[in-house]
Structures are given as C-alpha cells and as structure tokens.
Amino acid sequence: YLQLPADLTKMHLTDNPHPQVTHVPSSQSGCSIASDSGSSSLSDIYQATESEMGDVDLTGLPEAPVDSEDEEEEEDEDIDRTSDPLLGRDVVRECLEKEPADKTDDDIEQLLEFMHQLPAFANMTMSVRRELCSVMVFEVVEQAGAIILEDGQELDSWYVILNGTVEISYPDGKSESLCMGNSFGITPSLDKQYMNGVVRTKVDDCQFVCIAQQDYWRILNHVEKNTHKVEEEGEIVMVKEHRELDRSGTRKGHIVIKATPERLIMHLIEEHSIVDPTYIEDFLLTYRTFLTSPLEVGNKLLEWFTVDSLRDKVTRVVLLWVNNHFNDFEGDPAMTRFLEEFEKNLEDTKMKGHLRLLNIACAAKAKWRQITLQKPSRDSPLFFSLLGGSDKGFGIFVETVEIGSKAAEAGLKRGDQV
C-alpha cells in the first residue's frame with residue numbers, strides 16, 4: 001500500500017481549528033468521561049497487608065496485572081512497532097481500504113482510535129462512532145482542482161476529510177476552506193438533499209471517508225434507542241448509553257455519558273456496569289471540572305458511611321481517592337479534617353482492616369516537607385503533642401494540633417512523622 005502522507009500524524013487537534021466551519025453544538029458540561037484504561041489501583045497496599053487481613057473482603061477492588069518476562073518482551077516489541085509513525089499510518093490505511101463487510105473487530109477498533117480525535121466525530125457517542133467506522137468507505141482524489149460535488153447536485157453521502165483541503169464556492173461568491181477533520185455533505189435525513197455550492201480540492205492527494213445517506217441516517221436516528229434517560233421531578237438528571245464491547249454480546253451494559261453533578265456523586269455508590277468498571281477512578285480524576293470543592297463529595301461520603309449497606313462502597317471510594325490523588329488531602333486543611341473524621345469513623349465501627357489500608361496509603365503517599373515554627377520564648381507552648389519514640393518502639397508522630405494555632409498555620413498536621 002501507499003504510505004499515508006505526514007499530515008495524518010497530526011492527530012491531536014483543537015476542538016474547532018476552523019472557526020468558520022459550523023459543527024453540532026458541544027454537549028453540556030458535567031459529564032463523566034469514561035476510559036478503557038483504569039488508573040492506579042490499590043493492589044500494592046493489599047499485597048503489603050494481605051497476610052494480616054484475611055478477614056477483609058477486597059474482591060470488589062481492581063488489581064494490577066502481573067506480567068511475565070515473555071509478555072514484557074512481547075510488549076516491548078509491540079511498543080517498537082507502534083512507535084513507528086509510518087507503520088501506524090499503514091495499519092490505518094489497510095483498515096480504511098477494506099470493504100465494510102470485510103472489516104474485523106480489530107479493524108474497527110483501529111479506525112475508532114483514529115477517528116474519535118477528529119472534530120467531525122467529537123460530539124458523537126462511542127457506539128455511533130463505532131457504527132460509522134464499520135460502514136465508512138475510503139476515497140482518494142489525486143489532483144488539485146478536481147470537482148467533487150457540483151452546485152445543485154443531489155447528495156448521497158456524508159464526507160469527512162482525512163488529508164488535504166477542499167474549498168466550497170457558494171453561488172453568492174463567498175467561499176470557505178475545509179481541511180483535516182472537517183465534514184460536508186448530507187444531514188441525517190432520508191429527504192432528498194442538494195449541494196449548495198461547488199466543492200473542489202485545493203491540493204493533491206485529498207483523502208476522504210464517505211458514509212452513505214441510508215447508513216448515516218440509520219445510525220444517527222437510532223441513537224435515542226441506545227440511550228437511557230433518568231428523570232427526577234420531570235427533569236433529566238442522567239443519560240446512559242448502551243454499549244457492547246464486542247460482537248459476541250457478552251460484554252454489554254450502560255455507561256454514564258452525562259449527568260448533573262449531584263447525580264454523578266450519587267453514582268459513586270451505585271452498581272457499575274461491566275462496560276464502565278473505572279467510573280470511580282474517572283470521577284476522582286475529573287470532578288474538578290464540574291465541582292467547586294472536593295468537600296461536596298467528602299460530606300456526602302461521610303453521610304453515606306452511617307448507612308450499613310453503603311459503608312463498604314464508601315470506604316472503597318475513599319481508599320482509591322487517597323491512593324490516586326493524595327494531594328487533594330495533603331494540600332487542603334478542610335480535606336485533612338475530612339480524612340481524620342473518616343479515620344475516626346473506621347475506628348468506631350471497628351473496621352480495622354480498612355483502617356490499616358488507609359494508614360498505609362497515607363504513609364506511602366506522604367511527602368517530605370520542612371516546617372519552621374517560631375516561639376516567642378523557650379517556655380511558650382508548642383500547640384501540638386507528640387506520640388511514640390524509642391521507648392514505644394516506633395517513630396515520633398504528631399498526635400494532635402490545636403486548631404487555629406501557630407503550629408496549624410505553619411502546616412503541622414496530625415499524623416505527621418517527625
């Protein structure tokens with residue numbers, strides 16, 4: 001096959017690189033962005049305490065895979081292969097040039113990874129993109145100045161530019177240029193539609209994917225059937241999309257794609273679908289974009305902790321939060337107090353195994369820092385108390401810090417090891 005030109009390596013585009021081109025309006029904010037790759041798990045902590053915590057049920061928490069040396073060698077080879085941009089472009093080109101009926105699941109996944117970064121596909125759900133990738137046809141126009149669509153010509157396809165630039169000349173004399181990632185052609189309707197203006201290539205080797213009108217209408221028209229809307233008091237508070245991860249039908253379920261901030265917080269303790277296993281990690285990574293303070297989450301978790309049936313789920317959320325984003329607590333006095341209150345709740349409910357996990361996670365994530373505390377005289381109080389020492393058999397730790405004192409203002413915190 002011919003190698004794709006260098007333009008196709010420029011995958012990371014802005015949301016709207018060409019302001020003059022109008023696309024579907026972007027979805028509302030407050031979305032849960034789900035990914036197929038999970039964030040760091042707590043498996044390192046579990047392994048460190050596994051021998052001492054036989055009574056703790058950790059089956060619901062993710063574990064990091066352990067690879068053999070042979071698998072590591074294979075992964076290194078895969079990295080070497082995929083790091084070659086020319087090879088990557090050839091793989092996409094091979095998938096594009098196949099007839100729709102001949103495309104395998106792997107081909108569609110390759111195309112999906114390529115297409116989802118283009119502005120034309122930005123506001124579509126994952127299932128819609130996947131369906132479009134399965135029916136798209138690849139076309140190449142070799143010469144600059146070639147007319148693709150005449151003014152008044154009946155339209156039968158939706159076009160997305162993969163390489164090159166086209167110009168649309170309108171009857172009123174105006175014109176606009178479209179380049180990689182932009183689209184033109186039909187709208188999702190079965191009505192007869194006609195081209196307004198002339199579309200011609202501006203450079204050599206323009207490449208497109210085309211989707212027939214019938215397929216384009218069918219796929220976008222059935223979007224509503226793949227979504228489930230949750231309503232409260234007559235208002236839609238959450239939208240879920242039905243997804244199938246493979247064609248066997250065994251890995252399918254609903255994934256949250258949009259919701260109010262309150263509903264996203266509540267979903268932390270609800271059952272998660274097999275196709276959305278990393279919802280908690282995704283939420284903890286992205287909540288800063290739609291919440292003003294992490295205490296909105298923390299206060300809810302403390303409230304839910306009092307409910308026996310929710311206690312384990314709440315503890316799992318806090319453990320993942322501490323393990324993956326410890327800076328949220330270490331740099332915020334209010335969140336430090338939340339963590340202390342949560343620790344006290346674990347003590348009161350005698351959840352010793354989870355309390356041990358929390359302490360180990362905090363110790364593992366803590367950072368060295370230097371604090372200078374000035375006293376007006378040698379006899380002045382310290383405003384904090386210490387615990388431990390050689391006679392106790394463990395290190396020296398800060399046991400209490402007086403709220404609002406000079407020690408607290410200097411940054412000294414309960415649990416600090418001196």
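Let me start at Arg243, whose bridge partner in strand S11 is Gly253. Keep in mind that this is a predicted model. The strands involved here are S10, residues 235–244, and S11, and they pair in the antiparallel sense over seven bridges.

S10 and S11 belong to an open sheet of three strands, ordered S9-S10-S11, with antiparallel pairing. At the edges stand S9, residues 227–232, and S11; each has a single partner strand, so one side of each lacks a neighbour in the sheet. On average, neighbouring strands of this sheet are turned by 30° against each other, direction ignored.

From S11 I move on to helix H8. S11, residues 252–259, is one of the elements that the buried residues of H8 pack against. The others on that list are helix H7 at 261–266, helix H9 at 295–305 and helix H10 at 311–324.

How many of the eight residues of H8 are buried? Seven are, so this helix, spanning residues 279–286, is largely enclosed by the rest of the structure. The buried residues are Tyr279, Ile280, Glu281, Asp282, Phe283, Leu284 and Thr286.

Now the packing of H8 on H10. In general, two packed helices are described by the angle between their axes and the distance between the axes. For H8 and H10 the angle is about 50°, and the axes are 10 Å apart. That makes H8 oblique to H10. The crossing of H8 past H10 is right-handed.

Which residues meet there? On the H8 side they are Ile280, Glu281 and Leu284; on the H10 side, Arg316, Val317, Leu320, Trp321 and Asn324.

Next, H7, which is where Leu264 sits. Is Leu264 buried or exposed? Leu264 is buried, and its relative accessible area is 0%. Between Leu264 and Val297 there are 9.9 Å in space, C-alpha to C-alpha, and the two are 33 residues apart in sequence.

Another part of the chain, then: strand S4, residues 166–169. One face of S4, made of Val166 and Ile168, is covered, while the other, with Glu167 and Ser169, is uncovered. Strand S5, residues 175–178, runs antiparallel to S4 and is joined to it by four bridges. Strand S7, residues 198–201, also runs antiparallel to S4, again with four bridges.

To finish, the protein as a whole. There are 14 helices and 13 strands. Of the 418 residues, 40% count as buried. The exposed surface comes to about 24,200 Å², with carbon and sulfur atoms supplying 49% of it. As for contacts between residues at least 6 apart in sequence, 63% join residues at least 24 apart.

Methods: Residues numbered from 1 in each chain as written. Predicted model: local features only at pLDDT ≥ 70, side-chain atom pairs only at ≥ 80, totals over all residues. Heavy atoms only, no water. Helix = DSSP H or I, 4+ residues; strand = E, 2+ residues; numbered from the N terminus. Buried < 20%, exposed > 50% of the residue type's maximum accessible area, 1.4 Å probe, protein only. Contact = heavy atoms within 4.5 Å. Areas by Shrake-Rupley, 256 points an atom, 1.4 Å probe, with all protein chains shown as cover. Pairing = 2+ DSSP bridges. Axes fitted to C-alpha atoms, helices over the stretch in contact; angles between N-to-C directions. Parallel < 35°, antiparallel > 145°, perpendicular 65-115°, else oblique. Left-handed = near helix turned anticlockwise from the far one by under 90°.
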